[in-house]
Amino acid sequence: MSRDHTKGTTTALDTAHDADAPFLELLARGAAAEAYERPVLRARAEGRPAERIAALERAKLLALRVHAELEGRRRREAELSALFETAHDLAGLRDLDAVLRAIVQRARSLLGTDVAYLSLNDPARGDTYMRVTEGSVAARFQQLRLGMGEGLGGLVAQTARPYVTDDYFRDDRFRHTSTIDAGVRDEGLVAILGVPLALGPDVIGVLFAADRRARVFEREQIALLGSFAALAAAAIDTANLLTETRSALAGLEHANEIIQDRSAVIERASDVHDRLAELVLRGGGVHDVAAAVSQVLDGTVEFTETAPARALEASRAEGHAVRHADDWIAAVAAGGELLGALVLRGHPGLDPVDQRTLERAAMVTSLLLLARRSAAEAEQRVRGELLDDLLDARDHDPRLLRERASRLSADLDATHVVLAARLDGAASDADQEAGARRRLWSAASHLAATRQGLAAARDGGTVLLLPLEPGDTATDLARRTARHLGTAVHEAVTVGASAPVRDLTTHPDTVAAAYEEGRRCLDALRLLGRSGDGAAAEDFGFLGLLLAGDRDVTGFVDRTIGRVVAYDERRGTDLLRTLDAYFACGMSPARTKDELHVHVNTVAQRLERVGRLLGDDWHSPGRALEIQLALRLRRLAVAPSAH
């Protein structure tokens with residue numbers, strides 16, 4: 001290797017290292033995303049070489065990806081940390097009020113609401129009262145005592161289900177009273193979410209999150225507040241157990257022995273929760289939780305999505321693990337949704353503490369599943385939003401589009417195919433159809449994420465933007481996608497594909513046009529009875545024009561006989577009429593001249609002119625069929641104007 005070449009290589013490496021340095025400093029001090037543009041702007045202002053600026057641009061994109069990943073992890077860690085800190089507080093419960101305050105504070109912080117509060121039922125007085133508030137400024141609101149069944153909280157308590165209102169004073173689903181409305185008005189609340197605090201089948205109170213402005217609470221936020229409510233109910237239940245235990249110990253002469261046993265139990269429970277919290281914070285999975293609980297209970301614990309239905313429903317309804325033959329089953333649920341179960345195998349004898357440990361493990365499992373699902377759905381939404389922008393917008397900045405795609409590991413400068421996918425099974429009702437569409441969107445989003453593509457729900461189906469590998473064709477990709485999605489949703493999925501497209505950011509209408517082409521291919525497949533198959537426009541020829549829902553008749557006619565039409569219009573000739581007669585007479589010049597009442601030489605001259613306009617192969621069967629079809633479609637298109 002020459003000295004000059006070595007020196008050039010060293011210089012390039014130095015340039016790359018120099019470009020990384022300012023962004024590493026920004027990452028180290030946790031700077032905001034806007035700050036990462038400054039080194040590039042400074043270099044341009046100083047007139048640095050293009051190579052230096054290009055190196056800074058590459059380093060900036062990489063740093064922004066790292067910054068976004070770090071921010072996402074911080075957010076997820078904050079949610080998990082709050083939940084497991086609360087679980088840890090519960091395990092070492094000493095002060096019920098302190099635990100409930102921590103739950104309300106963390107719920108308000110994670111949901112980002114103005115106010116959070118918790119009410120408990122008072123069986124002795126037959127009403128409900130505020131136990132803990134966070135962010136409240138109105139004294140009358142903090143001292144509310146409400147009759148059972150009144151207000152949004154009464155609706156939650158009656159149904160044992162979460163309820164949310166976007167505008168409290170305009171919502172007539174629950175009974176308004178002057179006392180409640182006055183307190184809510186003093187506090188200035190508008191949007192309120194309430195979830196039940198349940199011990200088994202009984203609702204003992206309600207956990208609320210509220211804003212002083214109109215707001216739509218998302219399903220993940222409702223589930224998260226439901227998880228906090230479960231922790232609050234568990235804290236109250238644990239406190240009640242401790243109270244009952246202490247009362248019983250006071251009446252027994254061997255109190256010391258019982259206290260020692262209870263101390264060991266609490267220590268063991270605390271140890272279990274510490275181990276579970278540490279495991280999850282280290283990034284452990286559902287099966288890791290099951291393995292840890294297996295060691296604690298000295299048995300085999302498994303997570304499963306299918307368990308005996310009756311036992312599973314009983315566990316979810318009661319909020320406790322239930323025995324089934326020689327096994328114990330604890331439902332894994334969150335926000336009213338059943339996610340699966342933890343099953344302790346071959347362990348019929350289980351003391352209450354071990355039962356509670358199994359139940360706590362089920363709760364931790366549900367939190368872990370919700371966190372993973374939330375992260376996955378967030379990425380799916382981001383991919384869908386980018387594809388929606390490509391489909392709908394025409395004025396986006398190509399640089400910004402590339403940056404957004406890069407954060408999703410997608411390369412918009414590569415060759416792609418747009419695919420339109422739709423289910424072909426008939427749904428029995430609207431709910432079943434909506435569920436099937438959600439499964440299709442979920443499967444398509446997962447496929448797009450694994451293939452560095454994009455996916456979005458649209459027009460009753462799903463649209464995908466997938467890169468085309470070298471040597472692959474749009475038809476092959478459409479067929480593979482149809483098989484993959486059909487297997488994932490257990491139904492036939494038909495997929496229409498566009499021709500390969502490029503330069504998606506510099507030509508904004510490319511993706512929209514390709515999507516329409518994919519939809520036309522999809523309609524053609526369904527009309528041909530090829531449900532569950534995949535195809536591209538190249539598979540149909542001109543038949544795609546006849547079968548597609550959105551027919552480009554004008555374009556087809558223009559491509560096929562446009563030169564003849566233009567010639568007649570310019571010269572005032574009768575080439576189109578001659579072609580019509582020629583095909584009607586079985587392509588016989590002799591019969592054509594009789595039909596037109598001209599000399600046979602005139603027919604020959606006109607047909608020779610047609611050949612020069614359309615090409616020498618216009619007589620071939622395929623071209624002749626296309627020309628006849630174009631002539632008939634043109635007659636249909638101009639027929640109305642003749643009336």
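## Lining of the largest cavity

The residues that line the largest cavity comprise 14 nonpolar, 8 polar and 1 charged. The model described here is predicted. The lining amounts to 23 residues, and those nearest the centre of the cavity are Leu 146, Glu 150, Gly 153, Gly 154 and Phe 208. Two or more lining residues are given by each of S1, strand S2 (127-134), strand S3 (145-147), helix H6 (151-159), helix H7 (178-187) and strand S6 (202-211). Of these elements, H6 provides the largest share, with 5 residues.

The space in the largest cavity is about 200 Å³. In the structure there are 6 cavities of 30 Å³ or more.

## Aromatic pairs

Across the whole structure, a search finds 7 aromatic pairs. One of them is formed by Tyr 117 and Phe 141, whose rings are edge-to-face, with 5.0 Å from centre to centre and 90° between the planes. Because Tyr 117 belongs to strand S1 (residues 115-122) and Phe 141 to helix H5 (residues 139-142), this pair ties together parts that are 24 residues apart in sequence. Tyr 117 and Phe 141 are both buried.

Tyr 582 and Trp 618 also form an aromatic pair, here tilted, at 5.9 Å centre to centre and with 50° between the planes. Tyr 582 is located in helix H19 (residues 575-584), while Trp 618 is in the loop between helix H21 (600-614) and helix H22 (621-638), so the pair ties together parts that are 36 residues apart in sequence. Tyr 582 is buried, as is Trp 618.

## A ring cluster and the cavity

Ring pairs join Phe 208 with Tyr 117 and Phe 141 in a cluster. Phe 208 is also among the lining residues that lie nearest the centre of the largest cavity.

## The second largest pocket

The second largest pocket holds about 990 Å³ of space. Its lining consists of 41 residues; Ala 198, Ala 230, Arg 316, Gly 319 and Ala 333 are the ones nearest the centre of this pocket. By class, 22 of the lining residues are nonpolar, 9 are polar and 10 are charged.

At least two residues of this lining come from each of strand S5 (191-199), helix H8 (219-250), helix H11 (309-318), strand S9 (327-334) and helix H12 (352-392). The largest share, 8 residues, is supplied by H8.

Key:
Residues are numbered from 1 along each chain as its sequence is written. This is a predicted model: local features need pLDDT of at least 70, side-chain atom pairs count only at pLDDT 80 or more; totals for chains, interfaces and linings use all residues. Side-chain values use heavy atoms; hydrogens and water are left out. Rings of Phe, Tyr and Trp (its six-membered ring) pair if their centres lie within 6.5 Å; planes under 30 degrees apart count as stacked, over 60 as edge-to-face and the rest as tilted. Helices (H or I, at least four residues) and strands (E, at least two) are DSSP runs, numbered from the N terminus. Buried means under 20% relative accessible area, exposed over 50%, partly exposed in between (1.4 Å probe, protein chains only). On a 1 Å grid over the protein atoms alone, a cavity is a set of points where a 1.4 Å probe fits but cannot get out, and a pocket is an open set with protein on both sides within 12 Å along at least five of seven lines; lining residues have an atom within 4 Å of a point. Grid points are joined across faces, edges and corners, and a volume is the space filled by probe spheres set on the points. Ala, Val, Leu, Ile, Met, Phe, Trp, Tyr, Cys and Pro count as nonpolar, Asp, Glu, Lys and Arg as charged, and the others, Gly among them, as polar.
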